[in-house]
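Morning, everyone. I have one structure to show today, and I'll keep it brief.

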Number of protein chains: 4
Amino acid sequence: MTVELVNSMGGDDSIIRAMLVSTQGAEALEAQATEGRINFLMKNRHGTPFEHGAMTFFIEAPIFVFREFHRHRVGWSYNEVSGRYRQLDPTFYVPHSDRPLVQEGKPGAYEFVAGTGEQHYRTTSRLCRSYRAAYEEYEAMLEDGIAKEVARACLPVGTYTAMFATCNPRSLMHFLGLRTKHDLAKFPSYPQYEIAEVARGMEEYFATLFPLTYKSYCLNGRVAP
Amino acid sequence: MTVELVNSMGGDDSIIRAMLVSTQGAEALEAQATEGRINFLMKNRHGTPFEHGAMTFFIEAPIFVFREFHRHRVGWSYNEVSGRYRQLDPTFYVPHSDRPLVQEGKPGAYEFVAGTGEQHYRTTSRLCRSYRAAYEEYEAMLEDGIAKEVARACLPVGTYTAMFATCNPRSLMHFLGLRTKHDLAKFPSYPQYEIAEVARGMEEYFATLFPLTYKSYCLNGRVAP
Amino acid sequence: MTVELVNSMGGDDSIIRAMLVSTQGAEALEAQATEGRINFLMKNRHGTPFEHGAMTFFIEAPIFVFREFHRHRVGWSYNEVSGRYRQLDPTFYVPHSDRPLVQEGKPGAYEFVAGTGEQHYRTTSRLCRSYRAAYEEYEAMLEDGIAKEVARACLPVGTYTAMFATCNPRSLMHFLGLRTKHDLAKFPSYPQYEIAEVARGMEEYFATLFPLTYKSYCLNGRVAP
Amino acid sequence: MTVELVNSMGGDDSIIRAMLVSTQGAEALEAQATEGRINFLMKNRHGTPFEHGAMTFFIEAPIFVFREFHRHRVGWSYNEVSGRYRQLDPTFYVPHSDRPLVQEGKPGAYEFVAGTGEQHYRTTSRLCRSYRAAYEEYEAMLEDGIAKEVARACLPVGTYTAMFATCNPRSLMHFLGLRTKHDLAKFPSYPQYEIAEVARGMEEYFATLFPLTYKSYCLNGRVAP
């Protein structure tokens with residue numbers, strides 16, 4: 001999976017300037033971020049100042065990850081590879097050896113455990129065999145003159161795809177709160193392992209671009225304001 | 001594919017009342033819709049009055065249809081079957097004999113032509129073979145104790161899924177403008193055949209619930225106001 | 001101030017059906033709400049099922065209340081009396097005798113205390129004198145042939161206006177969390193007295209239409225899921 | 001009125017890269033904007049690529065302008081001076097001598113004509129007299145210890161206020177389509193003179209930051225894609 005920062009706007013100062021316009025008017029244009037001010041916003045859940053920044057990411061991940069991703073509607077813009085207009089590449093998701101494979105417990109609060117080496121081996125084999133078979137049928141249909149948008153129906157949700165995703169600090173914090181599992185989180189989340197990996201990639205960029213905001217977010221229970 | 005209306009709020013009158021509050025205040029509560037008033041809004045692209053209604057649909061369609069559907073973010077709410085929490089059923093998309101299979105032209109303006117009987121036969125066979133193989137691997141992984149969210153990676157985007165989708169007349173008209181192909185459309189759209197089928201199902205309910213709005217929408221080029 | 005329910009869609013059952021589609025598919029269409037299920041959603045902050053309902057309100061309140069109201073963007077639709085198209089009525093806001101008039105403390109955490117009888121008397125007199133003078137100039141300009149949209153510039157933000165507002169249970173809970181002050185609230189809010197009055201009016205209808213959701217919302221700290 | 005660009009992200013290239021990811025995947029990261037490509041998007045109303053940019057403006061204008069501004073909900077973020085937390089300055093809107101004062105025709109399609117010199121003189125006098133009286137009462141209440149949020153009820157909607165507003169090229173084009181009057185517009189708009197002035201200020205920055213997009217927007221009837 002790939003997460004690359006393509007573009008960004010603003011930093012902690014942008015947030016504090018947007019905050020201070022409420023009490024200082026035009027003077028806010030020169031204000032600087034401080035830990036105290038950022039903390040005040042985060043703690044009191046004043047969310048709107050955190051919307052005056054922007055980040056564009058280029059992300060490569062399997063379709064099943066993007067399916068969850070695109071349910072985030074507010075403060076997010078997407079443009080993705082189209083299986084209608086482009087032949088999809090034969091690149092597919094196979095779990096790393098450290099991806100826990102077995103789930104225990106009940107819906108809403110699953111726990112995952114590692115699985116045996118045999119389970120890993122069998123799973124990898126089954127996925128690869130299935131992927132290969134599907135892609136062969138896909139190619140055969142394309143060679144037969146069938147439209148890409150029809151032929152793709154057999155491609156698995158493990159197929160890799162790519163997109164540009166643009167968000168703001170507030171919408172990103174909301175995403176991170178739901179799509180990462182973290183000891184500091186006030187509300188527990190149970191994100192799928194793979195989207196959590198993408199989320200962590202975005203989180204690193206966020207921590208660099210908006211350091212005070214990021215710190216305050218973590219110390220305040222990772223709840224988006 | 002299934003499209004069922006589950007619930008709805010309002011009708012043409014709701015739209016006109018929301019419109020007339022701007023000039024009549026509380027008197028607008030008793031107002032009635034007329035063709036002229038609805039046309040005035042549509043023609044002049046006053047969109048907000050068309051937001052004071054609601055429709056909830058239950059929809060069953062393949063994953064590749066929902067992938068396009070969920071890109072509609074504003075004025076839409078979704079809850080869908082989860083492949084993390086439920087074993088997906090072995091129900092898959094196979095094109096009808098009247099589904100055109102061959103695309104001609106270039107991206108952005110494809111034309112579709114029928115394809116031969118042999119192409120249909122081969123496509124159907126390939127899809128079914130691929131679906132069956134994928135589902136067998138899926139079941140084998142589940143029996144091996146692998147988590148549903150991992151095993152599903154091999155399931156094709158042709159797998160059927162289901163959701164509740166709630167929208168308002170304005171967001172629905174926007175959806176229909178992009179996801180149907182229609183002679184009256186001022187801006188040509190090239191929706192995929194399958195999502196257009198779902199859209200037409202929703203369009204029928206819409207035409208019944210908001211008859212004046214629907215008529216005016218069509219006569220004004222099927223552009224959402 | 002007036003808050004009237006004009007229209008609504010759905011109830012606790014709608015929410016639970018949208019929730020259960022994720023694990024039950026089409027069977028969810030027949031499901032019933034229970035306290036346990038609603039609580040599960042609320043506690044775990046699964047917000048989307050709460051979007052499959054709708055409420056339209058007719059609200060009359062001063063401009064300064066609507067100014068705060070219209071900052072709620074997501075899940076809200078508005079149509080309001082227009083000062084460009086209609087002569088505004090000479091109806092203005094005057095605080096009741098139980099409206100605390102004096103603020104103590106600092107921004108973000110003001111406390112309000114009652115104020116003396118004299119302060120109330122003087123405030124009421126000043127507001128009324130000012131309102132009357134402004135409206136006389138407004139009328140004089142209109143009689144002089146000046147456009148309503150120009151003449152209104154002198155009208156005070158205490159002038160009453162009216163609107164239709166449509167929302168869903170999730171967006172309403174978010175609004176209530178910020179615009180009411182409540183002992184059960186996990187995060188303290190400091191809403192202005194007047195918008196809190198409007199909010200309480202909406203809250204009563206909400207409690208009747210979605211009783212289990214409302215109860216669970218209160219017991220879970222009045223944080224929108 | 002003041003319109004200042006505070007911050008921005010992206011340019012025509014960002015839009016084209018987001019567009020081309022659909023057919024080129026990762027190669028799109030190096031693509032360049034051309035007039036033809038931008039025109040293709042605009043003409044075919046492919047809107048989402050135009051969301052991968054951002055602009056933050058600092059704007060000073062009367063309350064009645066912001067009242068219209070804040071009705072733009074999607075793709076807009078606002079933080080404004082608060083009359084609850086800050087004493088508002090005695091700065092008020094008075095129409096320039098070239099502001100047409102008299103409206104003819106009917107709602108939805110007003111025409112404005114200049115008005116006589118006497119009308120201008122009388123209007124200016126009436127507004128100023130009214131503003132002064134209101135502000136004196138406001139100050140008197142504040143000196144009497146009354147909370148700012150109560151005292152402000154008498155302040156006119158012609159009072160100046162200030163905000164940060166962040167948007168993207170798509171949401172800005174939608175705003176410009178409704179809030180400017182322009183010969184090239186396919187759909188006629190009748191914005192109030194004052195918000196059109198603010199809009200033109202934003203339009204100039206937009207034309208500089210996204211020159212190909214801007215040109216194409218105008219040549220395609222100033223309809224947001």
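Start with the symmetry. Chain B goes onto chain A by a rotation of 180°, with 0.0 Å of shift along the axis and an RMSD of 0.0 Å. The two copies are thus related as by a two-fold rotation axis. Keep in mind that this is a predicted model.

Which residue of chain B comes closest to the rotation axis? That is Pro156(B), with its C-alpha at 1.9 Å.

Next, the layout of one chain. Chain A splits into domain 1, residues 2-83 + 162-219, and domain 2, residues 102-154. In chain A, the C-alpha centres of domain 1 and domain 2 are 31 Å apart.

Now the interface. Chain B puts in 55 residues, and chain A puts in 55 residues. Of the interface residues of chain B, 100% are also interface residues in chain A, so the copies meet through the same surface. About 4900 Å² is buried between the two chains. Carbon and sulfur atoms give 49% of that area.

What about charge pairs? There are 12 salt bridges between chain B and chain A. One of them joins Arg126(B) to Asp144(A), with the closest N and O atoms 3.6 Å apart.

α4(B) gives the most, with 12 residues. By class, the chain B side has 29 nonpolar, 11 polar and 15 charged residues.

Technical notes
Residues numbered from 1 in each chain as written. Chains lettered and ligands numbered in written order. Predicted model: local features only at pLDDT ≥ 70, side-chain atom pairs only at ≥ 80, totals over all residues. Heavy atoms only, no water. Least-squares fit on C-alpha atoms with pLDDT ≥ 70 in both. Contact = heavy atoms within 4.5 Å. Domains from an automatic or database assignment. Buried area = accessible area lost by both parts, 1.4 Å probe. Salt bridge = Lys/Arg side-chain N within 4 Å of Asp/Glu carboxyl O. Helix = DSSP H or I, 4+ residues; strand = E, 2+ residues; numbered from the N terminus. Nonpolar A, V, L, I, M, F, W, Y, C, P; charged D, E, K, R; others polar.
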